[in-house]
Amino acid sequence: MQSLPKELTGLVSWSVAILGQAIKTAYGEECFQRIENLRTEMKSLRQQEDSQKEYNILLQSNQEIEKLTNHELSQIAHSYLLMLETMNRCENAYRIYRIKIRSEKRYEDIPDTISYAFTAHPTEARSKEFMEIFLKIQNTLGQAIGNQNEFYKKKLFHFFLIALKVKADPGQKPTVLDEAQNIYRYALDPTIIYETLYLRYQGINLKFRSWVGGDKDGHPGVNEKIFKESLNGSRAHLIEFINQNLNEAKRILKYIDDKKRYLSFRRKIYTLKLNCKLLKNIRKNDYKGIEKFKEKIEYLSAEVKEYIGGKYLELEVIEGLFGLYPALVLPIEMREDSADIREALTTPTKFAIGKMLIELKKIAPADKLKYYVRGFIISMTETPQDLKNGIKLLKKTLGSQCLPVIPLFENYKGLTEAPVILKEGLDNATLNLHKNKWRGKFEVMLGYSDSSKENGVFPSRLLISQAMRVIDKTLSDLDLVTIFFHGSGGSVERGGGSIKEQTSYWPKNALNHYKVTVQGEMVARILSSPYILKSHTLNIVDQFSIHDQKKEGLSHPQVFNQFSKLIRTKYQELVSEDDFWDIIAKATPYHFLSDLKIGSRPAKRSSGERKL
């Protein structure tokens, strides 16, 4: 605590004290004292060096807890949840405060692209209402930094009383479409769209993608209907954003003195709003309607510019939106397991992934499909044939290879044999397609979670580090630029950690085309404020700009390889022990996962432990 900034520690102490007052008011003095006693006991364990005394304290606390009713236990759990959430929101508020007072840096060296691919495993495990009230709490905390007066105290107290009455539990497991909407609610919030446009105006090419609705390998329930409805979900948010800007443009029209011009512009805005209604649901040949709508926007924008000498900001924003989302959808990335792709080649219409690709073909012409789906990811790519099968399935369902096929190397075999897989799996036609149509870029995905489960965390990171360099060399020899897509984020074992830690061993090219998954709760964290999104993105730019000062590669590779081999062997021996899973089940809440409402995917599937 001593190393933390005083503004943050002061904000936490102040807000948690107000929460305590709210708990007294809502639940009563006896409940508050019970919670406070439990908190004090648990805090005392931090300095406890005697393991027997520690055990006795925990045993005594457990015996007291077992005497309580379910209602009393629920009050304790809810109170602790609010305290932890408040502390997290204090961190967010302080971070925003620091960002606001920070002077902006000028960058001469900026990555070509920065892409975030949003996933939903696990998704946001709290109700929409709970998250909304805590966004209000976060905003109040931000206002109260350095100004913790009576007004903000009353405001915070009021919000805490509401939060104590609001169910945090969403009540049911989210569906895939619920998870999609959770992502769209953050990523397509107007403040986030404006910030993304502003960053692009500064030369920072930030892009958003989503796995939800396209990740067939990650979810057995995903199909062509879910895929299309997911696209419709993002379309609805973007159409609403356009409507808001059209309404504002219409409001400003009243300042035009020329009545004839005024009526002409107003009529055209009215027509555009009618077009928005027609575009709300994705239909066959959807992109034709998008193109016509875009032309009308550009024509009106040019007409207004000619009349007043400059563009309406609102119309310019809509034009900028097409730069972010050319098909007015948040693009999805499809993924399927290599084994299932092999089976789908026989009869695509029998398999969900085949039906999804056929549905995609109906929406737009071949050269525009990338506006809806950015790529086709092959999980568990282990052989050149896996790569060839993905290409064959695209040709069979779409008529041609209209989408990039992205091999996902996520286990020891895939990561170590990646160069051979790429050399033998890519024929001349595919190489020429990437060079002529996709600007010589070839995307490769690296899996952190599954490689960690198989080998242990350190061996996984070392494997990925070594694979990145040989993959980059292999594709460079084929006259291709490597785009590394990192399936990382969240916890350390899934590839998470600070941006500095994550990128410290990457080649600079990987930072020049930075692409990572943003998983589950991290979506809400990064996108909870345009300030936090900006800070997170500029951290990547910072790492790119100083990368030339770093030494690439390991100073003693043989030592690291030997160390990694020892860890891998010991780790695999451990997880292979007969009683390992039994111990895990007893020592952790593992067997409760299927009861938790933290995602639409099954907690465990028959297809293997790697899918957990």
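This is a predicted model: local features need pLDDT of at least 70, side-chain atom pairs count only at pLDDT 80 or more; totals for chains, interfaces and linings use all residues.
**Exercise 1.** Locate Lys508 and Asp109 in the chain, and state how many residues apart in sequence are the parts that the pair ties together.

*Solution.* 
Step 1. The side chains of Lys508 and Asp109 form a salt bridge, with 3.1 Å from N to O.
Step 2. Lys508 belongs to helix 22 (residues 508-512), while Asp109 belongs to the loop between helix 4 (70-101) and strand 1 (113-119), so the pair ties together parts that are 399 residues apart in sequence.
Step 3. Lys508 is buried at 18% relative accessible area, whereas Asp109 is partly exposed at 32%.

**Exercise 2.** Explain where Arg34 and Glu30 lie relative to each other in helix 2, and name the residues of the salt-bridge network that includes them.

*Solution.* 
Step 1. Side chains of opposite charge can pair when their charged atoms come close.
Step 2. In the salt bridge between Arg34 and Glu30, the closest N and O atoms are 3.2 Å apart.
Step 3. Because Arg34 and Glu30 are four residues apart in helix 2 (residues 29-44), about one helical turn separates them.
Step 4. Glu30 has a relative accessible area of 60% and is exposed.
Step 5. The network of salt bridges links Glu30, Arg34 and Glu72. The structure holds 20 salt bridges.

**Exercise 3.** Describe how helix 9 and helix 12 pack, and which residues make the contact.

*Solution.* 
Step 1. The axes of helix 9 and helix 12 (residues 313-324) are 8 Å apart, at an angle of about 160°.
Step 2. Angles over 145 degrees count as roughly antiparallel, so helix 9 is roughly antiparallel to helix 12.
Step 3. The crossing of helix 9 with helix 12 is left-handed.
Step 4. Helix 9 contributes residues including Leu238, Phe241 and Ile252, and helix 12 contributes residues including Leu315, Val317 and Leu321.
Step 5. The contact residues comprise ten nonpolar, one polar and two charged.

Key
Residues are numbered from 1 along each chain as its sequence is written. Side-chain values use heavy atoms; hydrogens and water are left out. A salt bridge is a side-chain nitrogen of Lys or Arg within 4 Å of a carboxyl oxygen of Asp or Glu. Helices (H or I, at least four residues) and strands (E, at least two) are DSSP runs, numbered from the N terminus. Buried means under 20% relative accessible area, exposed over 50%, partly exposed in between (1.4 Å probe, protein chains only). Axes are lines fitted to C-alpha atoms, for helices over the stretch in contact, and angles run from 0 to 180 degrees between N-to-C directions. Angles under 35 degrees count as roughly parallel, over 145 as roughly antiparallel, 65 to 115 as roughly perpendicular and the rest as oblique. A crossing is left-handed if the near helix is turned anticlockwise from the far one by less than a right angle, and right-handed if clockwise. Contact means heavy atoms within 4.5 Å. Ala, Val, Leu, Ile, Met, Phe, Trp, Tyr, Cys and Pro count as nonpolar, Asp, Glu, Lys and Arg as charged, and the others, Gly among them, as polar.
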